[in-house]
Amino acid sequence: MKQSDSIMKIMCKKMNVTRIKNPKAYWVLFALLSALYFVTYSASSFSAEEKRNFDHFNTGFPLSGQHQTVQCATCHLKGVFKGTPKTCGACHNGSISAGKPSGHVASAAGCDDCHTTFSWEGAAMDHASVIGQCTQCHNNSLPAGHIQTRSQCDECHGTIGWLPAQFSHGAVTDICSSCHNGQTAEGKPGSHIQTTAECGDCHSTRAWVPTQFDHSGVTGQCSSCHGRGDATPKPPGHIPTTSECDSCHSTNAWLPANFDHGNITGTCSSCHIGDKGPDHLPTTSDCDACHITNAWLPANFSHNNITGTCTSCHDGSKAPGKPGTHLITIEDCDACHTVTAWLPATFDHSIVTGLCSTCHGGDKPPAHVPTTSDCGDCHSTNAWLPATFDHDTATGVCTACHSGDKPGNHFVTSKQCDDCHTSQSWLPAFYNHNTAGYPGGHAGLICVDCHTGNAESIAWPSPIYKPDCAGCHEGSWKTGPHKKTEVPSLISYTLSELRDCTTSCHIYEDNTFTVIKERRDSRHSPNDGQF
């Protein structure tokens, strides 16, 4: 109301019109006078005093700052007041007044959103009205250590301050290490795998872990990771070795592995502790004492470190055992043999468990006493002679040994020595006539009493009486003592009747010889030594 009153007063004064108090008439007149005034008068029609006393505030566009020093015609073109724009851009368009320079921020905001009327400088910037990209202004603002990127600032930064920033790797144009160098951004820790690969080769932009790992860019040794716990280490049962992992393993998987014994630092048994089969030699030696790393066989064997007995190997299965003709013994091989060769061997009979004949079965000389006894019954293990002999064990006839032992005056006979002699001594000698023709008995006689010709076979002196006593003793027969009966007259026995001197010779009552008068049993015996 005050602003319209001021304008009304100016126009009435200019046009010599007295103020009308009726409100309705007032506003009608105001509208007409305003139109007429702006058509009739221009800014140039005002006097200096009028201009000086004019209160621009009353127009609804108060002048401040640099606007107060600007000539009216600068804004009120051609002296026309009506329609003078009130927005900054309507004047500061590069035609009426200086507009946005070519390097100005692209914005739909009016000048007064950022600037004051006092100066273009010291603008209060509000990014909200910026319609262009950040790089239109911040085209040379990346500091030396800034991430190389094609992204606009506002993809990471806010308009309040550069920090804190929300970062996205999406538009980064440089390699990871250009930032992740330990200064611009977190770099590889001291325990990181030694590699020439970039972070993105293994890591994602979301987090460091989990990772997708590729050994191809690793520059350090395997143990730089697999030896200090950063990656899968050697398990407790791993082969002790100074070799790096890739000497045997590939980067695809631990197994299968290409193994080389060349760099093994432990003993063979540290790995092959259970590889000796049940038939293996018992030994404290390590595998390489006999075997090579190419194959188990052939093997170079040494008995030096064998801990078991010889028979634990030399049983005919693992190694040559005792042949079928070997001495029967419970002793181990080394009791006689050396580890260099089976022969020569040192032999001791004390360890033999079998009979002598198992070895010496063919060693008896042709003239040896025939016997079933074992050698040890007569001989010692030191030498064959001297020997202790026992005839009880001899199986042959005496003449097999004593064929030349009969003296020149020996009774000529085909009998064996033991038919007359004993094994203790030649004398005394005794012969038992066990032939059918021998009359038996005859104690006290010597061989030549009958065998007067010193011959084994002799003729019966009275062959008609053989084989009875009379065959030899016919000449010793006496009729007188051999009465048979005396009634009715003396009748004597004949030699033929009593040819066997050992039969009865009773005396009868008469010559009927039916009743015995006197009994006389045999009076002669070959063992009596006389008749």
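Is Arg 499 buried, exposed or partly exposed? Arg 499 is partly exposed, its relative accessible area being 22%. The close-ups below come from a predicted model and visit its three salt bridges.

**Close-up A. Arg 499 and Asp 468 pair through their side chains in a salt bridge.** Here the N to O distance is 2.9 Å. Arg 499 sits in the loop between strand 2 (491-492) and strand 3 (507-508), while Asp 468 belongs to the loop between helix 9 (447-450) and helix 10 (470-473), so this contact ties together parts that are 31 residues apart in sequence. Asp 468 is partly exposed, with a relative accessibility of 22%.

**Close-up B. Lys 483 and Glu 486 form a salt bridge.** The closest N and O atoms of this pair are 2.9 Å apart. Glu 486 counts as partly exposed at 39% relative accessibility, and Lys 483 is partly exposed too, at 31%.

**Close-up C. Lys 484 meets Glu 497 in a salt bridge.** Look for the closest N and O atoms, which lie 2.8 Å apart. This pair links distant parts of the chain: Lys 484 is in strand 1 (residues 483-485) and Glu 497 is in the loop between strand 2 and strand 3, 13 residues apart.

Key:
Residues numbered from 1 in each chain as written. Predicted model: local features only at pLDDT ≥ 70, side-chain atom pairs only at ≥ 80, totals over all residues. Heavy atoms only, no water. Salt bridge = Lys/Arg side-chain N within 4 Å of Asp/Glu carboxyl O. Helix = DSSP H or I, 4+ residues; strand = E, 2+ residues; numbered from the N terminus. Buried < 20%, exposed > 50% of the residue type's maximum accessible area, 1.4 Å probe, protein only.
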